[in-house]
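Here is a short report on a structure that may be new to you. Look it over first, then read on.

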Amino acid sequence: MTAFSTAVDGLATDVQLPAGDGPFPAVLIRTPYDRARHRAEACGWARRGFAAVVQDVRGRFASSGEWHPYTNEAADGAATVRWIRKQTWGDGRLVAVGASYAAHCALVLALDAPRDARPDAVIAAVPALGLAETAREASGVERLRPRAGWWAAHGDRRDSDESALDEALAMDPGLFTHLPLTALPERLGRSLPSWADLWRHHDRGRLVTRAAHAGLPLLAVGGHHDHFTDDTVALWRTWGGPSARLLLGPWGHALRSAPGPDAGPAHRLNLGELYVRWACRALSGELAPGRHGALALGGADLWLPAGADGEPRTQRPRLLHGPAFTADPDRPVRSDDLTVPTDGPPDRCVLVTPPLPRPLDVAGPVGARLRATAYTPSADWAARLVALTPGGDAERLAVGVVRRAGPVGRAAEFTIGLGRLTRRLRAGTRLRLEIAGHHFPAHARNPHTGGDPVTAHRLLASRREVDPAAVALTLHVLPSRPTPTDPAEEILR
């Protein structure tokens, strides 16, 4: 194999060529996380006959220019594609590949670049679709902890410091409680001018809308425990290209290197091998048209065909305590603690189902229907579903947060979406549903005044009431034991 480095329009670029004379199809990975971290991946592609091109995005590491997240990627990617297609070692065919922010780079190249500079196929893993999609839930609620971690590590700087937020929290465990949240950079001790601008973006869904007009094959890869699972599925469902494939495993944002507690031996896939095989079939036009893929059934060590949602089933959990509670921002319900306090005034409404008489295979969206009242002009409603195992362990299953403004003190009926759940629940498991006013620090605290949580200087307590008789938990349940599928066959068909 042959390797060399160059600059394309000032962007630091590494190229790994296969052995032989070529020409070769190419893969392009554009990243803000240091192209040097992709050397092993590039060698893997080259060993399988692809010219691997890895590039630092503008303003990061060895690339020139200024770093403006989610701003220059379509134009810079297009210039790089045109450069690749002029090289004698390339045969003109190209696959854009990336995970997280690099998936954004691949997707805008496929959807926004001029047609002569678009790739022939795209692999998007745990895709960060844009500023608004990463900063907010679909309901508009701010994702505080994960965004603060990313901006502290990567924002407004040429290099990265992955430990920046953890070090700041070690010095000040109450870092996120200080107001306003726009002043977080001062408490981190560094300049982050783009932090405040991040929260001005509310325009979710642009890339998903654009995906309907895509004209090339897609492989979308995600994890059930990733922040961006819903975006990954929406991208696959909307994709208008000739073929779309989805692979969802019991993984976190780092995919197979971050397995969830429900992962089994069958879920340990060689993703790199799958990517190469899919890319070969996509470039040769061998993929069948339509949408296919595979979903891991967590806790069962098997895979289901993508789209194999179960039938909706409503559970009526019984009240444990807290039909009336106070959402107090000075003692918010913590996102990083599954313990439910039993002393003092209630801070949430807690309901629980009877033990499951038999195993339950859940596959599809989860929702909690409420009739509830807030005595403040604005209120966040967080629903957390927890599995209480027969052995006494508590395990987080799903979380959803919505923001509502309405007449103070007037009861309203609404549904909180908790995302998707693909999981086998053991016999004897009880489901605990918590209804709270906070999910902190994963999400910012609502000031309850109607003001912006990011710029608020004061927070008020919010009195709440939940009608326990009206609470309904909806799960999608498979009617019978599923027939396992082979994820590679589903992806490569």
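Arg 410 is exposed, with a relative accessible area of 59%; exposed means over 50%, buried under 20%, and partly exposed in between, using a 1.4 Å probe and protein chains only. Arg 410 lies in the loop between β19 (394–405) and β20 (412–425). Strands are DSSP runs of E with at least two residues, helices runs of H or I with at least four, numbered from the N terminus. Leaving out residues up to four places away in sequence, Arg 410 touches Ala 372 and Thr 373; contact means heavy atoms within 4.5 Å.

This is a predicted model: local features need pLDDT of at least 70, side-chain atom pairs count only at pLDDT 80 or more, and totals for chains, interfaces and linings use all residues. Residues are numbered from 1 along each chain as its sequence is written, and side-chain values use heavy atoms, without hydrogens and water.

Now the rings. The structure holds 10 aromatic pairs. Rings of Phe, Tyr and Trp (its six-membered ring) pair if their centres lie within 6.5 Å; planes under 30 degrees apart are stacked, over 60 edge-to-face, the rest tilted.

| Pair | Centre to centre | Between planes | Class |
|---|---|---|---|
| Tyr 101 and Trp 150 | 6.4 Å | 20 degrees | stacked |
| Trp 150 and Trp 151 | 4.7 Å | 55 degrees | tilted |

Tyr 101 is in helix α3 and Trp 150 in helix α5 (residues 144–154), 49 residues apart. Both Tyr 101 and Trp 150 are buried. Trp 151 is buried too, at 1% relative accessibility. Ring pairs join Trp 67, Tyr 70, Tyr 101, Trp 150 and Trp 151 into a cluster.
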